[in-house]
Amino acid sequence: MTPKGRQGGGRASRAQDRGVIVLAGEDQNDCEILAALIRAHRPDLGAAAKLVRINDPVRLRRKSGPDLAAAVKALAGKARAKARQQRSELLGFVVHEDLDGYTDAQYDRIRKTLTDEFARQCQEFRTALALAAWESEGWLLLFPDAFPHVRPRWKVPDRLLDKDTGRLKDAKEELRRGLGLPVFRESDGPTVAREALNHRLIPSPRGSNRSYADFVGDLTGWT
């Protein structure tokens, strides 16, 4: 995901001098999607920072109280350690989790709870929450023209276009059924996101998803 720095002694690489943005998600696919979105919405940070991932899977949405505080403390500690490992300043921490639910009152509650806890524990660096409703594939549906750039025969069905994808249950299964052959796999998600970035589709999403808009708001609020 990121180029390796120089090993051993000697002068640190230019990348190490730029600072880092640490990504945490359910798996590597989600983090690679996040990387494309960050580069699209914050090209200044994409150029100024190295994007690195921590491997710990994020499982926060069902936690509260001391359990949530402990889980956030562990993740934030891993982010700080990753920056130290890279010998770089920690510029920001982006955390992804699929919520497996709609953008409704429960979504609002989860987002506020997690936002407050990260703000309490991570005051010395910026954070952004990518709490995808239902899942990351719902965000990818905002860029339907990216799919044929991955597989020429793929076409997002009309019934999935220009929708509120935060109200769509199981977007992953909808893509599997609707795109045609070859069948969409979860590992295709990062390629779709990169094609959306390469073809400048991300600034003009088709449809809406409040969970995506909230994530973009977090990113654009970084100063």
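A salt bridge here is a side-chain nitrogen of Lys or Arg within 4 Å of a carboxyl oxygen of Asp or Glu. Please keep in mind that this is a predicted model. Searching the whole structure gives 20 salt bridges.

Start with Arg-194 and Glu-32, whose side chains meet in a salt bridge at 3.2 Å, N to O. Arg-194 sits in helix α9 and Glu-32 in helix α2, so this pair ties together parts 162 residues apart in sequence. Are the two partners buried or exposed? Arg-194 is partly exposed, at 35% relative accessible area, while Glu-32 counts as buried at 18%.

Next is Arg-61, which forms a salt bridge with Asp-100; their closest N and O atoms are 3.1 Å apart. Both lie in loops, Arg-61 between β2 and α4, Asp-100 between β3 and α5, and they are 39 residues apart. Arg-61 counts as buried at 17% relative accessibility, and Asp-100 as partly exposed at 39%.

Now the helices. The axes of α4, residues 65–85, and α5, residues 105–121, come within 10 Å and cross at roughly 55°. The two are therefore oblique to each other, and the crossing is right-handed. Among the contact residues are Leu-68 and Val-72 of α4 and Leu-114 and Phe-118 of α5. The contact residues divide into five nonpolar, two polar and four charged.

Definitions and conventions. Residues numbered from 1 in each chain as written. Predicted model: local features only at pLDDT ≥ 70, side-chain atom pairs only at ≥ 80, totals over all residues. Heavy atoms only, no water. Axes fitted to C-alpha atoms, helices over the stretch in contact; angles between N-to-C directions. Helix = DSSP H or I, 4+ residues; strand = E, 2+ residues; numbered from the N terminus. Parallel < 35°, antiparallel > 145°, perpendicular 65-115°, else oblique. Left-handed = near helix turned anticlockwise from the far one by under 90°. Contact = heavy atoms within 4.5 Å. Nonpolar A, V, L, I, M, F, W, Y, C, P; charged D, E, K, R; others polar. Buried < 20%, exposed > 50% of the residue type's maximum accessible area, 1.4 Å probe, protein only.
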